[in-house]
Amino acid sequence: MPAAPLMSTYGRLPISFSRGEGCWLYDTNGNRYFDAISGIAVCGLGHSHPAVTDAITKQAAQLTHCSNLFKIPNQESLGELLCKVSGMDNAFFCNSGAEANEAAIKLARLHGKKRGIENPAIIVMENAFHGRTLATLSASGNRKVQAGFEPLVRGFVRTPFNDTKTLEHIADSNSNVVAVFLEPVQGEGGVTPADAEYLKYVEKVCREHEWLLMLDEVQTGNGRTGSYFAFQEYGIHPDVVTTAKGLGNGFPIGACLARGSAAEAFHPGSHGSTFGGNPLACAAALAVVQTIQKQNLSNRARELGERLISQFESQLGGADYIKQIRGKGLMIGIEMKEPCPELVPLAQAQGLLINVTQDKVIRLLPPLVMSDADADYLANTLCTLIKLYAGDDRKRPR
Ligand SMILES: Cc1ncc(COP(=O)(O)O)c(C=O)c1O
C-alpha cells in the first residue's frame, strides 16, 4: 500500500478506531481496547460521553461559529465557570495547549515591558514540555523537540525542576526575569510531580521579585490530578494558568486564565484567535466542566489514582526491573530501569492502550469515569504484562 499523503509527524501504530464508549475503543475489525491514555489526557470523561455529545449536537444545530468581533454568550459562561473553579479573574480561549501557552508567554512579556524591562526573560524547567510552536518548543526542555528548528525564540532561562538553589541564583543574578513557567506535574518529561515545598518556594520568589507565577496545566488540569487544577493541591495561587486537552474531552479548545495585573495586560489588538472560544467549542467545554463538577470527578481521580498506585506497589514494588512508581491522581508513571518502548505494541496486542515516555516511563492517563472494576482490570492486565516482559516468573499467572 502506498503511504498516505500525510506529513511524517507521528510514528503511528497500524490500527484505526471506529468507535469509542467510556473507557473502551473499538477498532475497524471489531476488537476492543481499554484506553489507559485517553487520547493523551484528553478524554477524561471517557469516549462519547452523552453530556458532551448532546451539547455538541445541540449547539451544532444552532450555531457553530461566530467571530470574536461579537459577544459569544457561552464563551462568557465558560469563562465565568472556569474563573469560579480556579480563583482566576478572566480567560482567553484558543484551540490547543500550545496556543494557550503562547498567550501566557505574551502576557509575561507585556508584564515585563510594563515594568520597564526591555528584554524580558521567563524561567523554564529542564524536561519541560509546552508544545510545538516556535515559542513553546523554545520553552520546552527537550532537545529532540527543538532540533532543526533553530534559531529558537529567545527570552527563556532554564533551571532544573525541583531545584531551589539554581532558582535562587537566577533570582540574585538576572534582572530581566519577569515570570516562572512550569508544569505542576511534568507529563512528557516522565510523570514527575513538583515537590510541594518547591512550588511554595517558587511562589515566594515570584512574589518577592514581582514575577508572574505561570502554570502549564494543559495535561494536569480538568480534574486529572485530584483537584480541578493541580495547583489547588499545592495551596499556591498562580497568576496565569493554561489548560487544554481534557477541557473539551476531544473537542479542540484551550484556555489561558489570568488574575491580577496579568488579567489586565491584553487589549483589543494585542492577541486573538479566529476559532478560539467559538460557540461549539465552548458548548462542549461547558458540558465537560459541569460534569466534572457535578460528579466530583476530581475527587474520584484522586481515589482511583491511590487505588492504582497501591496495586502497582503491591504487584511490582521492589522488583529489580522497577525504578519507581509515582504520580498524582490519574497521571501515573511506572519507571522501568531499562528502556521499554516495546511494551506499547505488546499491550496493544492484549487490548490495552498505554504510552511510554522518556523511553523508560510507562505513562497512564486513564479516564476519570473508570469504575473500581475498570481500575482493577487495568492494574492486573498491565502488571501481568510487565512481569512477562521483564521475565519475572515469580508471580506469573498460570
Ligand atoms: C504540559 C503540556 N503543555 C502543552 C502541550 C501542547 O498541547 P497541544 O498539543 O494541545 O498544543 C502538551 C501536550 O502534550 C502538554 O502536555
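**Figure 1. The two domains of the chain.** The domain assignment divides the chain of this predicted model into domain 1 (17-48 + 296-390) and domain 2 (50-294); the bounds come from an automatic or database domain assignment. The C-alpha centres of domain 1 and domain 2 are 26 Å apart. The contact (heavy atoms within 4.5 Å) involves 31 residues from domain 1 and 34 residues from domain 2. Residues are numbered from 1 along each chain as its sequence is written, and side-chain values use heavy atoms, with hydrogens and water left out. Because the model is predicted, local features need pLDDT of at least 70 and side-chain atom pairs count only at pLDDT 80 or more, whereas totals for chains, interfaces and linings use all residues.

**Figure 2. Area buried between the domains.** About 2500 Å² is buried between domain 1 and domain 2, with carbon and sulfur atoms giving 53% of this area. Buried area is the accessible area (1.4 Å probe) that two parts lose on being put together, summed over both. Leu 45, Lys 328 and Met 331 account for 28% of what domain 1 buries against domain 2, more than any other three residues.

Figure 3. Lys 328 forms a salt bridge with Glu 233, with 3.5 Å between the closest N and O atoms.

**Figure 4. Surroundings of the ligand.** The ligand is surrounded by 13 residues, the closest being Gly 97, Ala 98, Asp 216, Gln 219 and Lys 245; a residue counts if one of its heavy atoms lies within 4 Å. A polar backbone atom of Gly 97 is 2.8 Å from an oxygen atom of the ligand. An N or O atom in the side chain of Gln 219 is 2.8 Å from an oxygen atom of the ligand. A polar backbone atom of Phe 129 lies 3.4 Å from a nitrogen atom of the ligand.

Figure 5. Lys 58 forms a salt bridge with Asp 54, the closest N and O atoms being 3.0 Å apart. Lys 58 and Asp 54 are four residues apart in helix α2 (residues 50-62), so about one helical turn separates them. Helices (H or I, at least four residues) are DSSP runs, numbered from the N terminus.

Notes. A salt bridge is a side-chain nitrogen of Lys or Arg within 4 Å of a carboxyl oxygen of Asp or Glu. A polar contact is a pair of N or O atoms within 3.5 Å; within protein, one must be able to donate a hydrogen and the other to accept it, and residues adjacent in sequence count only if both atoms are side-chain atoms. Helices (H or I, at least four residues) and strands (E, at least two) are DSSP runs, numbered from the N terminus.
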